[in-house]
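Subject: Structure handover

Hello,

Here is the structure I said I would pass on. My notes on it follow below the display.

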Amino acid sequence: AWAGSKVVSTDQKMFMATIEANRVKNNIDPQLMQIKPLNWQDVTKDTPSTFFSGGRYDFVFVSDCLNPVYGDDNISDLGKALTHLVFKDVTCYLAFEDRDEKVVPNLYELMLEEMGGKKQFESKIVFTSGNRCIYRLKRK
């Protein structure tokens, strides 16, 4: 948003005040940054056209959303939501910290399988540092 891009920042309803406080603290114009609640379980194929202005966007950024503490349903819910949000011309960047190296496959790989796996999506690590990665996802 600082560079003039229009951004829609989402999270669960209970976090809206926190996101708004961060927007204000960082002096981001509310015309450039919308804040909306979004529950992954509610995302459908119609969400892009009804939720986002004009149904057009280029990127989806996901950070710190795959964590064992959120429960097993979290993996499935996020995977299903991204299946609807990441279409042909949309790139998704997902930041992930593998907190339990004993779990194989890791939570990211489990989520990718929920999305139809590598038959449906290109998946590439674009950054890594220790057990932290940023993946780029694009629909094939």
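Helices and strands here are DSSP runs numbered from the N terminus, with at least four residues (H or I) for a helix and at least two (E) for a strand. The model is a predicted one.

By that numbering, Gly116 falls in the loop that links helix 4 to strand 5 (121–129). From Gly116 to Pro37 the C-alpha to C-alpha distance is 26 Å, and the two are 79 residues apart in sequence.

Strands and the crossover

Strand 4 (residues 91–97) pairs with two strands described here. With strand 6 (residues 132–139), strand 4 runs antiparallel and is joined by seven bridges. Thr91 has Lys138 of strand 6 opposite. Strand 3, helix 3 (residues 72–85) and strand 4 together form a β-α-β unit, and this unit is right-handed.

Aromatic rings and a charge

There are five aromatic pairs in the structure. In one of them, Phe59 and Phe61 are stacked, with 5.8 Å between centres and 25 degrees between planes. Phe59, Phe61 and Tyr93 belong to one aromatic cluster.

Elsewhere, Lys36 has its charged end over the ring of Phe51, at 4.7 Å from the ring centre.

As background, nonpolar side chains tend to be buried together in soluble globular proteins. In this model the largest nonpolar core has 28 residues, and those that touch the most other members are Leu66, Leu82, Leu94, Tyr108 and Met111. Two or more residues each come from strand 3, helix 3, strand 4, helix 4 (107–114) and strand 6. Helix 3 gives the largest share, with five residues.

What does Tyr108 touch, leaving aside residues up to four places away in sequence? The contacts of Tyr108 are Leu66, Leu94, Phe96, Ser123, Tyr135 and Leu137. Leu66 and Leu94 are also on the list of core residues that touch the most other members.

Backbone angles to check in the viewer

Two residues other than glycine have positive phi. Asn27 has phi near 55 degrees and lies in the loop between helix 1 (16–25) and strand 2 (33–37). With 69% relative accessibility, Asn27 is exposed. Asp64, likewise not a glycine, has a positive phi of about 55 degrees. Asp64 is placed in the loop between strand 3 and helix 3, and its relative accessible area of 37% makes it partly exposed.

Regards

Methods
Residues are numbered from 1 along each chain as its sequence is written. This is a predicted model: local features need pLDDT of at least 70, side-chain atom pairs count only at pLDDT 80 or more; totals for chains, interfaces and linings use all residues. Side-chain values use heavy atoms; hydrogens and water are left out. A crossover is right-handed if, with the strands pointing away from the viewer, the path from the first strand over the helix to the second runs clockwise. Two strands pair if DSSP finds at least two bridges between them. Rings of Phe, Tyr and Trp (its six-membered ring) pair if their centres lie within 6.5 Å; planes under 30 degrees apart count as stacked, over 60 as edge-to-face and the rest as tilted. A charge sits over a ring if NZ of Lys or CZ of Arg is within 6 Å of the ring centre and within 35 degrees of the ring normal. Buried means under 20% relative accessible area, exposed over 50%, partly exposed in between (1.4 Å probe, protein chains only). A nonpolar core is a set of buried Ala, Val, Leu, Ile, Met, Phe, Trp, Tyr and Cys residues joined through side-chain atoms within 4.5 Å. Contact means heavy atoms within 4.5 Å.
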